[in-house]
Amino acid sequence: MAASDTDWTRVSTGPVPYSAFTKPIEKSQQDDRDYRLIRLDNGLEAMLVHDARADKAAASLDVAVGHLYDPDDVPGLAHFCEHLLFMGTEQFPKENEYSEFLAKNNGGSNAFTGTSNTNYYFSVATNALPGALERFAAFFHCPLFSPSCTSRELNAVDSEHKKNHQSDVWRMFQLNKHLSKQGHVWSKFGSGNRETLTQAGRDLVAQGLLGGQKGPNGHVKSVNGSLAATPQSSRIPSPAPSSASVASEEGDGGAVGQETRRRLVEWWSKEYCANRMRLCVIGKESLDELADMVAKMFSPIPNRGRDRLPMINDHPFGPEEKGKLVSAQTVMAFHALEVSFPLPYQPPYWKYQPGHFLAHFVGHEGPGSLHSYLKNKGWITALSAGPQNLGRGFAMFKVTLHLTKEGFDNYRAAALSVFKYLALLRSSAFPAWYQQEMSTIRKTRFRFAEKRRPEDYAVWVTEHMAWPTPRELVISAPQLVQEWDQNERPIPQGEKEVHEVLDCLRVDQGRAFLMAQCEEHERVRGPIQWEKERWYGTQYKVDRLDEDFLAEAQGANDIPELFLPGPNEFIPTNLEVEKREVDQPTRRPFLIRHTPLSTLWHKKDDTFWIPKANVVIEIRSPVAGASARATVLTRLYADLVNDALTEYTYDADLAGLSYNFASQMLGLYVTLTGYNDKLHVLAHHVLERARSLQIVPERLQVMKDQAKRDWENFFLGQPYRLSDYYGRYLMAEKQWTVDEKLAELSSISAQEIEEHVRNLFESINMRILVVGNLHKDEAVKFTEMAEAILHAKPISPSEVVERCLIPPDASNYVWPSLVRNLKEPNNSLTYYIHMGSFLKPHLRVTAALLAQILAEPAFNVLRTQEQLGYIVSCSQWTSTGESELGLRVLIQSERGPAYLEGRVEAFFDDMKEKLETMPADEFADQKAGLERRWREKVKNLDEEFNRYFSHIDSGYLDFHRRDNDADLLKTITKDDVLSLFLSRVHPSSSSRSKISIQLRSQQPRPKKVSQEAMTAFVKMIADRRFAVASSPWKETFPEASEPLVTQFVQYWQDAFSQEGSGVSSDAAKELLESVPALLEQYPAKTESEADIPEHASIISDANAFRGRLRVSEKPRPVVDWGDLPTANL
């Protein structure tokens, strides 16, 4: 909703004039930040946020185009733009200048490409905001789109797609898009890959339209001569060249890559328009300073006169897409049914939000709900419902049922129950108190909204600035919902909108998606003739819903168990906060109660002043994880407790009170968060139900099936998560593998769980933390209530602790294993170097500084330059129990894990010189950045709570560690860091301790063709005097590239078949049959793989290896806080 020109005033006092919105921005009463909305002369709108208490600044810029605006012949171009945009600017041509600056200043950045928007954001230390913002702004007015980075970023996009290829979330998303009406933009392949991004260029080469004519800079000219070259090189060669980096020195991708870049620049020059951009900047500077900064830095972005918010008002569901059942095969083992209905774009309905009103009923989990009915039938494990904006201009209402096996067998009846519940809603009156209740809950949540991480908030603001709300309501409107106006006739507008949405939710307007693995579909439905989606290879079948189903689904509700929910008794009524001014907030919780059974730590909120509290009751028992079977029993017990609590706790969750009852290796966690008014009521019910649980065999079977699916699916996940898991397993004293737990699952009975629970609570120790708007006496009551309900004997806290296993010095271990998903193309490497005790402050601080120094170069070299894979990181790793520390490098790649390990060690070898020659000012910047990170204040109650509990959970009680480490950091020298690096990290060290987990894909890699093989093949053609030998093949396969065999063969098949090639079909066949021999004679560089070095020790028996490792000491407090005069109450 555009603001009137009278609501804006001209400001010309700064270096660049701009317009400022004159009305105050509506914000929460709790929000102590100041806001100002400005509009630059180029049309860019910016929300400025002054936060006087900030110790971290942030910015986000949202561009109102996403992948639905890709050219039809270059799928993925918007995503490719997001990647290549960051590769240097005219002001800052060095390709990693931005990331390097942020890394030194306690910052970071990211971006994402949506369907209708692309969002770029960063966070940084407050004093570095001007420098970060200047670098950030340049990406939008003078990006280089560096030619030398083109090929590498094409590889990055390709690697990102391959990372997601086995993900059911991505597969179902693209299949939904694929099954759109003919020609609709929703069907586009937004992720893109190297094939889609270069196909247009390859087609031009095939047509002879990208000839070899060179421009003045030595690059092949583009079709229209508009290809801009990089003013100066942004590329820093890889310090330790690999075959991959050598092969990409000519990084512009030849004529095809240049054409892709030309199309990108052309698209960017058209679509990235200043008046399509919304910016949010959060900083400590005054609003005037922020405004001048933004006006100066972002005014150079051109306004190209494009529409501010391009809309797509045509819905992808046409008549042919409605009334259908789509059966889709999944990679992972699960059953689900999703029913979708087309909706109008929802932001224009911001006032009453009718889609969310109906989601409240359809997604409800209390008595009478669809969830309750289906759960009692044994058909579902979860249900979700709500509106979803797919693109700017169209939306969907989705109801998703996570089915049990029995539910999948009865999918028709389950789907029918969805339509019966919708019929119930259509036939029901909606008293105004329903909307009033929702409005009250939203108002309370908004009133006491806490601060988030600034970059998250900046992204949220920029995305919602596109909503058509009055500009003064841009912050509040998306978070609030208004009550219906009962004076409106014949019915309130809000209620009218609800009925309009309900009319969209009819069976003949919707589509059902049935998801499961192939064998499950065919078990229920018999043999199926499957079709295949192009980009992910997902197999599917589309059927029209039969007439009997349609007729029944269109009828009235005849399920008596379905009825609408009553009033929510958990809505808080006492929201008082006793605020007392304090000079300095307390820096830690206090031990206020200590008995043989429990310790109670408490901190009354003196920072955030909200009527909320966080409580955790950690129940430790030696029985919980004593064996793999015990671990499974504990998990099933926790799952059954949560299952039994669903109906009661759902209203509490809606009203802002939530709980978590979870199993862990040492026992159970009971966590309660939310408004403190009725938190004790929720706590009492949760603990009572947990202690007196009656196990229903049918529900136990559902929980067992769910656990089985979770654990089997675990091995179908991303390889990098698996290698990290194996690394953790090797170095934890008590840990049971997923395989060991799966082996125990099937034989567990209800009686055995009941016996296990009795043993579990026989003898326990509790660690309790209460933080927030609760006084000491209220915290003590929580503890007394827990002790009375659980009614257990005490054990010593030292009997149930976490300890880790310590690899020996002078060791080099490798654990090779296989990725179990046979279709997963990626390998993974977790490379761990043990450094020593986390309890030694000097080592801890020096190691953290070294990890920070290494992190950005590792990403830049191993991912950006060497293109090893999309997942690359280098970070400090803390052991189970937080007693030991090390450095971990993680890579997921199509390259073999032994090769990856070699590249990691080459990187470390290069960093030796970098550390030795690091200038003093750069070292000081790194120290300052780390100190700012440690001094950073918590942003909300949850962060404070989590920070405190980590010290209680570990047993070290080192609450002041961050500040103490920040003080110690000032004394750390470059020699300290270099000494640690040389003695513990560098491969030449005789004392270092290293373990790597190498996971190898079982999927054969597609064969590639080396330059030597291609040249030899062309020579064979030329030797036979075929004219086609002069074909411009190097324009398609530029120097140093190594195409897939399929691409190479296809190129020559097409060339041989062209008129005038002079090649007969027999000659063509003979020539192409020579390719395999050439591949053997001239192997591709990027296919060369390393072997595990002979000096490495292979781990062939993980349990035997673990048995040889030293166990860490039991944790003990590092500080005696002396809070209690006596040990017990």
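The model is predicted: local features need pLDDT of at least 70, side-chain atom pairs count only at pLDDT 80 or more, and totals for chains, interfaces and linings use all residues. Residues are numbered from 1 along each chain as its sequence is written, and side-chain values use heavy atoms, with hydrogens and water left out.

**Domains and annotated spans**

- The protein is divided into domain 1 (8-202 + 255-299), domain 2 (324-554), domain 3 (590-799), domain 4 (805-1002) and domain 5 (1011-1081); these bounds come from an automatic or database domain assignment.
- Between the C-alpha centres of domain 2 and domain 5 the distance is 54 Å.
- An unreviewed UniProt entry annotates residues 48-181 as "domain: Peptidase M16 N-terminal". UniProt positions are given in the numbering used here, feature names are shortened, and annotations may be inferred rather than shown by experiment.
- Residues 48-181 are 43% helix and 19% strand, with end C-alpha atoms 42 Å apart. Helices (H or I, at least four residues) and strands (E, at least two) are DSSP runs, numbered from the N terminus.
- The UniProt annotation "domain: Peptidase M16 C-terminal", also from an unreviewed entry, covers residues 260-433.
- Residues 260-433 are 36% helix and 26% strand, and their end C-alpha atoms lie 57 Å apart.

**Aromatic pairs**

- Rings of Phe, Tyr and Trp (its six-membered ring) pair if their centres lie within 6.5 Å; planes under 30 degrees apart count as stacked, over 60 as edge-to-face and the rest as tilted.
- By this rule there are 53 aromatic pairs.
- Phe 86 and Tyr 120 pair edge-to-face, at 5.6 Å centre to centre and 70° between the planes.
- Phe 86 sits in the loop between α1 (77-84) and α2 (97-104), while Tyr 120 is in strand β7 (residues 118-125), 34 residues apart.
- Both Phe 86 and Tyr 120 are buried. Buried means under 20% relative accessible area, exposed over 50%, partly exposed in between (1.4 Å probe, protein chains only).
- Phe 419 and Phe 549 also form an edge-to-face pair, with 6.1 Å between centres and 85° between planes.
- Phe 419 lies in helix α13 (residues 411-426) and Phe 549 in helix α18 (residues 547-553), so the pair ties together parts 130 residues apart in sequence.
- Phe 419 is buried at 4% relative accessibility, and Phe 549 is buried at 6%.
- Ring pairs link a cluster whose members include Phe 86, Tyr 98, Tyr 120, Trp 267 and Tyr 272.

**Charges over rings**

- A charge sits over a ring if NZ of Lys or CZ of Arg is within 6 Å of the ring centre and within 35 degrees of the ring normal.
- Arg 33 lies over the face of Tyr 457, 4.4 Å from the ring centre.
- The charged end of Arg 820 is over the ring of Phe 715, at 3.7 Å from its centre.

**Helix α29**

- Helix α29 (residues 941-954) has 14 residues. From first C-alpha to last, α29 reaches 20 Å, close to the 20 Å expected at 1.5 Å a residue; the expected span is 1.5 Å times one less than the number of residues.
- Ten of the 14 residues of α29 are buried, among them Phe 945, Tyr 948 and Phe 949.
- Cover for these buried residues includes β17 (598-604), β18 (612-620), β20 (667-675), β21 (763-772) and α30 (961-969).

**Met 172**

- Met 172 is in helix α5 (residues 168-178) and is buried, with a relative accessible area of 7%.
- Neighbours within four places in sequence aside, Met 172 is in contact (heavy atoms within 4.5 Å) with Ala 328, Gln 329, Thr 330, Phe 513, Met 515 and Thr 538.
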